[in-house]
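I opened the notebook to record what I looked up, residue by residue. The entries follow the order in which I went through the model.

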Amino acid sequence: MGLSGLTAADKKVYEYLKANDFVEKAWSTKKAATALKMKENEVYDSLSNLAEYMRNNIHIHYRDGSIRIGAN
C-alpha cells in the first residue's frame with residue numbers, strides 16, 4: 001500500500017515519524033499527540049495501521065527501556 005491508501009491521520013503520523021529520529025530518541029505517544037493535535041488513541045490507531053500496511057517502511061523496536069520507531 002502506498003500513501004494514497006492511508007487515512008489523513010495515518011499520513012500525518014507517518015510524516016511526523018519521517019521528520020524525527022525516534023530510533024535515537026525515545027518515542028512518546030503523548031508528545032506525538034500534542035505535536036500533531038491528535039488524541040493519543042488516534043496516534044496508536046495510526047501506528048497500528050502503518051505497521052500493518054507500510055510494514056516495509058516502518059520499523060518498531062524496543063531498546064534501553066523505550067520504544068524506538070524508524071520510518072523511511
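I placed Tyr62 in strand E1, residues 58-63; strands (E, at least two residues) and helices (H or I, at least four) are DSSP runs numbered from the N terminus. I then found that Tyr62 forms a nonpolar patch on the surface with Ile60 and Ile67, and that together they have about 310 Å² of accessible area. For patches I kept to residues with over 30% relative accessible area and no salt bridge, where like charges are joined within 9 Å and nonpolar side chains (Val, Leu, Ile, Met, Phe, Trp, Tyr) within 5 Å. The accessible areas come from the Shrake-Rupley method with a 1.4 Å probe, and for residues only the protein chains shown count as cover.

A note on the source. The model is predicted, so I kept in mind that local features need pLDDT of at least 70 and that side-chain atom pairs count only at pLDDT 80 or more, while totals for chains, interfaces and linings use all residues. Residues are numbered from 1 along each chain as its sequence is written, and side-chain values use heavy atoms, with hydrogens and water left out.

Entry 2, salt bridges. How many salt bridges does the rule give? I took a salt bridge to be a side-chain nitrogen of Lys or Arg within 4 Å of a carboxyl oxygen of Asp or Glu, and by this rule the count comes to two. In one of them the side chains of Glu15 and Lys18 meet at 3.8 Å, N to O. Glu15 and Lys18 are three residues apart in helix H1 (residues 8-19), and therefore about one helical turn separates them. I recorded Glu15 as partly exposed at 38% relative accessible area, and Lys18 as partly exposed at 39% relative accessibility. I also noted a salt bridge between the side chains of Asp64 and Arg63, at 3.5 Å, N to O. Arg63 counts as partly exposed because its relative accessibility is 29%, whereas Asp64 counts as exposed at 65%.

Which side chain of opposite charge is nearest to Arg68? I found that it is Asp64, 4.2 Å away, and that Arg68 is buried yet has no salt bridge; in this count Lys and Arg are positive, Asp and Glu are negative, and His and the chain ends are not counted. Arg68 has its place in strand E2, residues 66-71. A polar atom of the Arg68 side chain lies 3.3 Å from the backbone oxygen of Val23. Leaving out residues up to four places away in sequence, I listed what Arg68 touches, including Phe22, Val23, Glu24, His59 and Ile60, with contact meaning heavy atoms within 4.5 Å.

Is Met38 buried or exposed? I noted that Met38 counts as buried, because its relative accessibility is 12%, and that it lies in the loop between H2 and H3. Apart from neighbours within four places in sequence, Met38 is in contact with Ala9, Lys12, Val13, Ala33, Val43 and Ser46. Ser46, found in helix H3, counts as buried at 2% relative accessibility. With residues up to four places away set aside, Ser46 touches Ala9, Asp10, Val13 and Met38.

I placed Lys31 in helix H2, residues 29-36, and recorded it as exposed, because its relative accessible area is 61%.

Conventions
Buried < 20%, exposed > 50% of the residue type's maximum accessible area, 1.4 Å probe, protein only. Polar contact = N/O pair within 3.5 Å; in protein donor to acceptor, adjacent residues only side chain to side chain.
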